[in-house]
Amino acid sequence: MTDVTGLPLPAELATRAREILAGRAEPVPTRDAATVVILRDGARRPEVYLLRRKSTMAFAAGAYVFPGGSVDARDTDQAVAWAGPSPAEWGVVFNAGEEVARGLVCAAVRETFEESGVLLAGPGPDSVVADTTGDDWESDRLALIDRSLGFADFLARRGLVLRSDLLKPWAHWITPEIEHRRFDTRFFAAVLPAGQRTRDVGGEADHVVWQRPAEAIELAHKGEIFLMPPTYRTLTELSAHDSVAGVLAERREIVPIMPRAVEIEGEMRLVTR
């Protein structure tokens, strides 16, 4: 569905959009990335875990986002212990090659742990880590962030396997061609494992919150928080459900969505198609 009104573009992006549309500038390549919507059942409706990116960040500064990030070269390591749907099966879901799919799923689990402390892994294919708090876990989390520790080594040292079955494919968003940093991002949904707790602020975030999707949308409408189009759309979709079970039961068709710049009555706007 196309948003016929769209978002007005800041002057700098509007100029770049006109340059690209006229063929005087080339879009930058995309980088594969993964984002995970962590869910839990609240008192009334499902809640999601959101982080506010620091105002100093080069991309999406100040935006409320889900945990996630770029695929690291070591995310495609075949040594990563794995349980659940295979990389090949995930490749079919996301229309990607097996190596790319392996990287996306590993990045989803790794980045979720790095940014929220939630780990979608367990000692076996039918179990999940119950507690990721404590100094030893924090040390590993920081080592993963600074890349002094590889994800495969992290899992092997702790005797854990990645649980790809705990992830639900949700969407596929591509950053508009007008942006200077672009990502080819697959969105996943996952339930907060029993016993685990999300961490407080740190790293790229300066504030975290558990919030009902409809509340986050209302705050965005009031101008109290900033949501990027993929986050806004995802929250809108989630707000239709009254339980986490309902979210997980939804059948999703994964098709790429890339917002584009168009000129409407002399003003450059970003529309979603």
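Reader: Which residues does Lys168 touch, if I skip the ones up to four places away in sequence?

Author: Setting aside those residues up to four places away in sequence, Lys168 touches Phe187, Phe188, Ala189, Val247, Leu248, Glu250 and Arg252. Please keep in mind, here and in everything that follows, that this is a predicted model.

Reader: Where is Lys168 found, and is it buried or exposed?

Author: Lys168 is found in strand S9, which covers residues 168-174. Its relative accessible area is 13%, and because buried means under 20%, Lys168 counts as buried.

Reader: And how far is Lys168 from Lys54 in space?

Author: From C-alpha to C-alpha, Lys168 and Lys54 are 28 Å apart in space, while in sequence they are 114 residues apart.

Reader: Let's move to S2. Which residues is Thr35 in contact with?

Author: Thr35, which is found in strand S2 (residues 30-41), is in contact with Phe66, Pro67, Gly68, Thr185, Arg186, Phe187 and Phe188, once its neighbours within four places in sequence are left aside. Phe187 and Phe188 are also among the residues that Lys168 touches. Thr35 counts as buried, at 12% relative accessibility.

Reader: What about Arg31, is it buried or partly exposed?

Author: Arg31, whose place is also in strand S2, is partly exposed, with a relative accessible area of 48%. Leaving aside its neighbours within four places in sequence, the contacts of Arg31 are Ser70, Arg182, Phe183 and Asp184. Arg31 and Val71 are 40 residues apart in sequence, and their C-alpha atoms are 7.6 Å apart in space.

Reader: Now the helices. At what angle do H4 and H5 pack?

Author: Helix H4 (residues 135-145) and helix H5 (residues 151-158) pack at an angle of about 160°, and their axes are 10 Å apart. Angles over 145 degrees count as roughly antiparallel, so that is how H4 runs relative to H5. The crossing of these two helices, H4 and H5, is right-handed.

Reader: Which residues meet there, and how do they divide by class?

Author: On the H4 side there are Asp136, Trp137, Asp140 and Leu144, and they meet Phe151, Phe154, Arg157 and Arg158 in H5. The residues of this contact divide into 4 nonpolar, no polar and 4 charged.

Reader: Which other residue has a positive phi although it is not a glycine?

Author: Glu265 has a positive phi of about 50° and is not a glycine either. Glu265 is found in the loop between S13 and S14, and at 82% relative accessibility it counts as exposed.

Reader: What do S13 and S14 cover?

Author: Strand S13 (260-264) and strand S14 (267-271) are included in what covers the buried residues of H1.

Reader: Which residues of H1 are buried, and why do they lie on the same side?

Author: In helix H1, which covers residues 11-21, the buried residues are Leu13, Ala14, Arg16, Ala17 and Ile20. They cover an arc of only 165° around the axis, and therefore they lie on the same side of H1. As a general point, an α-helix has 3.6 residues a turn, so residues three or four places apart point the same way. H1 is followed by Gly23, whose phi is positive, near 80°.

Reader: Which residues are buried in H7?

Author: In helix H7 (residues 229-238), Pro230, Thr231, Thr234, Leu235 and Leu238 are buried. Their arc around the axis is only 130°, which puts them on the same side of H7.

Reader: How does H7 pack with H6?

Author: Helix H6 (residues 213-221) packs with H7 at an angle of about 135°, with their axes 8 Å apart, and the two helices are therefore oblique to each other. H6 passes H7 in a left-handed crossing.

Reader: And which residues meet in that contact?

Author: Pro213, Ala216, Ile217 and His221 in H6 meet Tyr232, Leu235, Thr236 and Leu238 in H7. By class, this contact has 6 nonpolar, 2 polar and no charged residues. Leu235 and Leu238, which belong to the H7 side of the contact, are also among the buried residues of H7.

Methods
Residues are numbered from 1 along each chain as its sequence is written. This is a predicted model: local features need pLDDT of at least 70, side-chain atom pairs count only at pLDDT 80 or more; totals for chains, interfaces and linings use all residues. Side-chain values use heavy atoms; hydrogens and water are left out. Axes are lines fitted to C-alpha atoms, for helices over the stretch in contact, and angles run from 0 to 180 degrees between N-to-C directions. Helices (H or I, at least four residues) and strands (E, at least two) are DSSP runs, numbered from the N terminus. Angles under 35 degrees count as roughly parallel, over 145 as roughly antiparallel, 65 to 115 as roughly perpendicular and the rest as oblique. A crossing is left-handed if the near helix is turned anticlockwise from the far one by less than a right angle, and right-handed if clockwise. Contact means heavy atoms within 4.5 Å. Ala, Val, Leu, Ile, Met, Phe, Trp, Tyr, Cys and Pro count as nonpolar, Asp, Glu, Lys and Arg as charged, and the others, Gly among them, as polar. Buried means under 20% relative accessible area, exposed over 50%, partly exposed in between (1.4 Å probe, protein chains only). The arc is that of the directions from the helix axis to the C-beta atoms.
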